[in-house]
Amino acid sequence: MKVTEAEIVISAVSKKQYPNEGIPEIALAGRSNVGKSSFINKLINRKSLARTSSKPGKTQTLNFYKINESFFFVDVPGYGYAKVSKKEREKWGTMMEEYFQSRETLKAVVLITDIRHEPTKDDIQMYDFLKYYELPVMVVATKLDKVPKSKRPKHIKRTKQTLQMETDDVLLPFSSETGEGKDEAWRYIKQYI
Ligand code: GDP
C-alpha cells in the first residue's frame, strides 16, 4: 500500500468529536510502550506522525489518522500502566466502551502484543473485550527482531494459546525495526478498507 497522505484529523475525548465522514476505520490497541506508535509509523512510512512513548497521565484521546483520504487508523490509548489512578482507568474504560460498542465504521482491530513476552492479563482482557463486540482482530506480535529465529515458533504459539485466539483471527509476527510483516499487515487491512 502506497501511503501518499496521512494526517491527524482529531484527538477525540468523546463520541461527539468522532469524525462523521463514514469512511472505514481500523483501530489499533495495545499496552503502553508495546510499540503501537512504531507500528503505525512503519506502516505509513512516517518517522513520527503517531507519537511514540506518550507519557502516562496525559489526556487520553482517540487519535484519528486519515490515510489517503480513504480510511482512518484510530489509535486507542495504551493500557496496562501500573501507575495510572483508578479514576483514570475508569475513564479509559468508559471511553473504550463508548467507541467499540457502537462505532459502525469500525471494521477491524489490530491488537499489538510483544512477541518476547507472554500476553498479560490486560492483553487477554482486551482481546476478550474485542471478541465480545464480535470484531475481527489481527494480533500483531511486535519486536520480532528481538527473538532469535529458532525461538520464534515457540513464542508465536504461546501468544496464540494465552489469548485463546479464535481460528478466524490472524497472528502476525512483526518488527518495526526490520519491517518484517509489513506487507502482510497491509494485506490484512486492505480486506476491510
Ligand atoms: P507505544 O507506547 O506502544 O506507542 O510504543 P512505541 O512505539 O513508542 O515503542 C516503545 C519502545 O519500543 C520504543 O523505544 C521503540 O523504539 C521500541 N520498539 C517499538 N517497536 C519495536 C520493534 O519492532 N523492535 C524493537 N527492537 N524495538 C521496538
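This is a predicted model: local features need pLDDT of at least 70, side-chain atom pairs count only at pLDDT 80 or more; totals for chains, interfaces and linings use all residues.
**Entry 1: β1 and β3**

I looked up the pairing of β1 with β3 and found 6 bridges, with the two strands running antiparallel. Strands here are DSSP runs of E with at least two residues, helices are runs of H or I with at least four, and numbering starts from the N terminus. Two strands pair if DSSP finds at least two bridges between them.

Residues are numbered from 1 along each chain as its sequence is written.

**Entry 2: β3 and β4**

I moved on to β4 (residues 71-75), which is joined to β3 by 5 bridges and runs antiparallel to it. K66 stands opposite F72 in β4. Y65 stands opposite F73. The hairpin of β3 and β4 has 3 residues between the strands, and N68 there takes a positive phi near 50°.

Then I checked burial. A residue is buried if 20 or more other C-beta atoms lie within 10 Å of its own, exposed if 12 or fewer, and partly exposed in between, with C-beta atoms placed from the backbone. In β3 (residues 62-67), 5 of the 6 residues are buried, so the strand is largely enclosed by the rest of the structure. In β4, 5 of its 5 residues are buried. F71, F73 and D75 point one way from β4, while F72 and V74 point the other way.

**Entry 3: the sheet**

I traced the whole sheet. It is open, with 7 strands in the order β1-β3-β4-β2-β5-β6-β7 and mixed pairing. The edge strands are β1 (6-12) and β7 (170-173), each pairing on one side only. Neighbouring strands are turned by 25° against each other on average, direction ignored. Such angles run from 0 to 180 degrees between N-to-C directions, and the axes are lines fitted to C-alpha atoms, for helices over the stretch in contact.

I found parallel pairing on β2. This strand joins β4 through 4 bridges, running parallel, and E25 has F72 as its bridge partner there. A further 6 bridges join β2 (residues 25-30) to β5 (residues 106-114), again parallel. A27 stands opposite V109 in β5.

**Entry 4: helices on the sheet**

I looked at two helices. Helix α3 (residues 121-132) lies across β2, β5 and β6 (137-142), at about 165° to β5. Helix α4 (residues 152-163) lies across β5, β6 and β7, at about 145° to β7.

Of its 40 residues, L28, F73, V74, V109, V110, L111 and V140 touch the most other members.

Which residues does V140 touch, not counting residues up to four places away in sequence? I listed F39, V110, I112, L172, F174 and A185. Contact means C-beta atoms, placed from the backbone, within 7 Å.

F39 was my last stop. It is found in helix α1 (residues 36-43). F39 is buried, with 25 other C-beta atoms within 10 Å. Beyond four places in sequence, F39 touches L28, I112, V140, T142, F174 and S176.

Methods
A nonpolar core is a set of buried Ala, Val, Leu, Ile, Met, Phe, Trp, Tyr and Cys residues joined through C-beta atoms within 7 Å.
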